[in-house]
Amino acid sequence: MSAVIADPRAVAETVTDPELPALTLADLGVLRDVRVHDGTVVVDITPTYSGCPAMGVMRADLLHALHSAGFDDVEVRTVLSPAWSTDWISDDGRRKLAEAGIAPPGPAPERTAGPVPLQLGPPRRTASCPLCGSADTEQISEFGATACKALRRCRSCREPFEHVKEI
Amino acid sequence: MHEETVYDALTNAHDDAGHWAFGTGFDEPLAGVDTTVPDGVDPADLGVYCLMLGDDALVLAQRLTQWMTNAPELEEEVALGNTGLDLLGQARLLLARAGSVGVLGRSRSLATASIPDEDALAYFRDADEFRNTGLVEAENGDFARTMVRLLVASTVRLAVFARLRESRDPVLAAIAAKGVHELAYHRDHAARWVLRLGDGTPESHRRAQDGVAAVWPLMADLFTATDVEARLVAAGVAVDPAAVRDEVREVLTTVLERATLTVPPWPDDVAPRGREGRHGEELTALLATLQGLARQHPAATW
């Protein structure tokens with residue numbers, strides 16, 4: 001029997017997201033799998049967006065956490081398929097987003113095989129204000145400070161807030 | 001190996017070339033991905049095809065970032081930056097895929113021997129080695145023309161990527177499946193701007209119509225397959241550009257009509273130019289900016 005210091009999955013699940021530090025990579029659905037193969041801890045992560053600049057930091061944070069817990073052989077692998085979806089954000093993750101003042105995403109648009117229909121109207125997305133709870137909110141910008149967020153404003157309390165957009 | 005801090009881990013996580021990849025010290029984007037080439041596919045063709053799709057994204061990303069500090073409003077600057085970032089991410093994956101099938105081959109020079117494939121390909125190829133279309137390399141022009149070009153480029157790319165999800169190359173299929181969601185967002189965003197400008201003031205309408213006039217001829221060489229593409233279409237790996245023409249035409253016509261803009265006659269097909277490495281001076285100038293730092297200081301760290 002090998003001398004297991006800690007459960008590598010439990011260690012990996014403590015690592016937080018560099019851009020949303022209130023959430024773990026597991027909450028976000030970015031952490032796809034943790035397994036031990038021939039004495040090596042193999043961790044699978046998937047990017048939220050193709051250009052997500054945080055992937056390198058995530059990889060380094062996972063290596064650091066697992067090395068610190070005594071796992072010397074760690075391999076962090078990128079998994080591209082299936083593509084990440086906001087539906088993978090856990091209920092816990094959604095609650096933590098709201099607590100951090102960021103409106104969690106609604107259900108992701110359905111993924112179909114054929115051509116993607118054109119959306120000429122304003123995005124039909126809605127989000128309740130994470131500060132006062134009002135449903136009366138409007139979009140200010142389709143793009144926010146990171147690729148995964150849009151900017152909205154609450155018409156009731158007048159506060160702007162970020163919204164994780166559905167993909 | 002136990003790193004003391006996260007920052008040590010960042011710089012030590014990889015070999016000596018770790019400071020490359022856009023100077024971030026970050027990972028190679030395909031780290032850990034199974035990059036085996038499917039049976040019956042010529043790796044050289046696959047590499048060139050990845051360059052075509054990757055260079056389109058890299059060059060358009062560079063064009064969009066030229067709007068940084070110049071966009072008409074702050075939100076739109078963030079939007080163009082984010083769109084460019086998505087495209088840059090797609091470019092990194094595709095150039096890394098091109099490198100993984102050996103596209104650099106013997107053209108690897110001493111200067112690029114120690115840096116990741118994606119960087120060697122982005123920074124150390126000359127203009128005639130780039131495979132992007134003329135559509136993405138053309139100057140931005142004003143904001144209206146930029147949005148018309150973004151609409152056309154993202155409509156074409158989305159139509160190609162939607163089909164590429166079925167590619168026999170699992171890496172290309174995965175990159176496409178991810179890219180589809182991003183490209184749909186880019187296309188719809190650009191379409192709403194064209195709508196707003198075309199159906200806006202007389203001045204914005206005039207500028208949007210001028211933008212259409214400037215961009216339309218750039219579609220002439222988009223829908224004819226190169227020999228490389230034709231072979232890969234037969235092998236079930238690539239998308240035939242001719243197959244997306246009707247869909248592109250329908251989308252663009254819908255947007256322009258809703259925007260009260262006149263749809264010009266569809267340009268006659270001509271043989272591929274940019275896909276075969278034939279470019280205008282605009283690409284040379286763009287690459288001088290994109291590549292200057294890396295070429296002057298190939299061993300720089302930051």
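Predicted model: local features only at pLDDT ≥ 70, side-chain atom pairs only at ≥ 80, totals over all residues.
The size of an interface is often given as the accessible area lost when the parts come together. Here, about 4000 Å² is buried between chain B and chain A, with 61% of it on carbon and sulfur atoms. Within the share that chain B buries against chain A, Lys178(B), Tyr185(B) and Arg192(B) supply 19%, more than any other three residues. The contact draws 51 residues from chain B and 46 residues from chain A.

On the side of chain B that touches chain A, α1 (6–12), α3, α6, α7 and α10 (245–258) each supply at least two residues. The largest share, 15 residues, belongs to α7(B). By class, this side of chain B holds 26 nonpolar, 11 polar and 14 charged residues.

The largest cavity has a volume of about 340 Å³. Its lining is made up of 28 residues, and Asp56(B), Val156(B), Arg157(B), Val160(B) and Arg275(B) lie nearest the centre. Helices of chain B that each give at least two residues to this lining are α2 (43–65), α3 (74–100), α5 (134–137), α6 (143–164) and α7 (170–198). Of these, α6(B) provides the largest share, with 7 residues. The lining comprises 18 nonpolar, 5 polar and 5 charged residues.

Note on methods: Residues numbered from 1 in each chain as written. Chains lettered and ligands numbered in written order. Heavy atoms only, no water. 1 Å grid on protein atoms, 1.4 Å probe; cavity = no way out; pocket = protein on both sides within 12 Å on 5 of 7 lines; lining within 4 Å. Points joined across faces, edges and corners; volume = space filled by probe spheres on them. Helix = DSSP H or I, 4+ residues; strand = E, 2+ residues; numbered from the N terminus. Nonpolar A, V, L, I, M, F, W, Y, C, P; charged D, E, K, R; others polar. Contact = heavy atoms within 4.5 Å. Buried area = accessible area lost by both parts, 1.4 Å probe.
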